[in-house]
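Subject: Structure handover

Hello,

Here is the structure I promised you. Please open it and keep it beside this email while you read.

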Amino acid sequence: MSSFFQLGTFARDDGALPALVIEGAVLDLRAAAERAGLALPPFAAISDLLGDWDATFERLSAVADHARADGLQAFSLGTVESLRPCPPPGRVGKMLFAAANYSDHVRNMRKTFTPDIPLADQGKQLPPLRPYMFGKINVPTGAFDDIILPPGMERIDWEAELMVVIGTPGLAIRPAEAHRHIAGYMTGNDVSCRDRTWREDRPTIRSDWLGGKSYDSFAPLGPLLTPRQFVPDHADLAIRLWVNGELKQDGNSRDMTFGIEEQIEYASSMMTLLPGDVIATGTPAGTGQERGEFLKEGDIVETEVESCGRQRNRVVARRRAEIAA
């Protein structure tokens, strides 16, 4: 097994820098490869390196081994904490989010959403359960960027999630082959606007994924992408979230209703999964909606997935003057 390394993208005055991260030291990936005399495929972003992931991983491993032997401090640009991380892939493709994928979370949420809707098929036997997913349509932000409260919205919630980053593209992927299409894993927070999750004006439709999920700043990712080769079991990773230092979510990926392989099979039955696409695998119990607590200006949200790093996001209010500008 190669020595442990991670990948990231960091903001600089001259643009976003694809980086190799070893023991917390951030290295210019292109410079590290050149110094090692090792060729990587042409790339402008980390996502450009994901398409033939297994082959690229071997090259990246060689670059990392050379950098470690060369002495990391010789060409380190700083640490993850001292720099501003962007979403690790650089360019993120489709963002697919699993809904209702932890039974304890679903059970608690049902207690808070009890719409009295008569259903024609109530009492009938339901078909077999299958994965439930939605697309999140906004621009993902960095692991240390602010979460911005939309004006007039009062129930902004947190959802810690294990994120899967697609590498090798595929369509109609069988569960047994799903791991070959995964480049790695990240920490994510599916920030949600509960004010708009349910549509009171559409009682027979109800859910509004766009309004509930897609505000600016509602998708912090990272700070790092951990290659799948360094995650022995993605079905046994701790997922935690704190607000102002108080632990709110304390779950584990083993408690998913549908595992990552099943989610990849389901998504790829409809669409080709491409390098840089992201699948968020659901959130465990402990969200604000379940607790009757919501984010407010000045809060600090910290989100961590085992092996993938910790986010730290400050909650700020968007001023109406900013909108007008």
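First, a term you will need: helices (H or I, at least four residues) and strands (E, at least two) are DSSP runs, and their numbers count from the N terminus.

This is a predicted model. The average pLDDT for the protein is 91. At least 70 is reached by 94% of the residues. One stretch to treat separately is 116-120, where the pLDDT is below 50. In the model, that stretch has two contacts beyond near neighbours in sequence.

Now the sheet. Six strands form an open sheet with mixed pairing. Read across, the order is β7-β6-β16-β10-β11-β13. The edges are β7 (133-135) and β13 (226-227). Each has a single partner strand, so one side of each is left without a neighbour in the sheet.

Look next at β6 and β16. Strand β6 covers residues 95-98, and strand β16 covers residues 278-280. They pair in the parallel sense, over three bridges. Leu-96 stands opposite Ile-279 in β16.

Then the pocket. The largest pocket has a volume of about 1500 Å³. Its lining has 41 residues. Which of them lie nearest its centre? They are Ala-100, Val-106, Arg-110, Tyr-132 and Trp-198.

Which elements each supply at least two residues of this lining? They are α3 (103-112), β7, α4 (209-213) and α5 (260-268). Helix α3 gives the most, with five residues. By type, the lining residues divide into 23 nonpolar, ten polar and eight charged.

Best wishes

Methods
Residues are numbered from 1 along each chain as its sequence is written. This is a predicted model: local features need pLDDT of at least 70, side-chain atom pairs count only at pLDDT 80 or more; totals for chains, interfaces and linings use all residues. Side-chain values use heavy atoms; hydrogens and water are left out. pLDDT is the predictor's confidence in each residue, from 0 to 100. Contact means heavy atoms within 4.5 Å. Two strands pair if DSSP finds at least two bridges between them. On a 1 Å grid over the protein atoms alone, a cavity is a set of points where a 1.4 Å probe fits but cannot get out, and a pocket is an open set with protein on both sides within 12 Å along at least five of seven lines; lining residues have an atom within 4 Å of a point. Grid points are joined across faces, edges and corners, and a volume is the space filled by probe spheres set on the points. Ala, Val, Leu, Ile, Met, Phe, Trp, Tyr, Cys and Pro count as nonpolar, Asp, Glu, Lys and Arg as charged, and the others, Gly among them, as polar.
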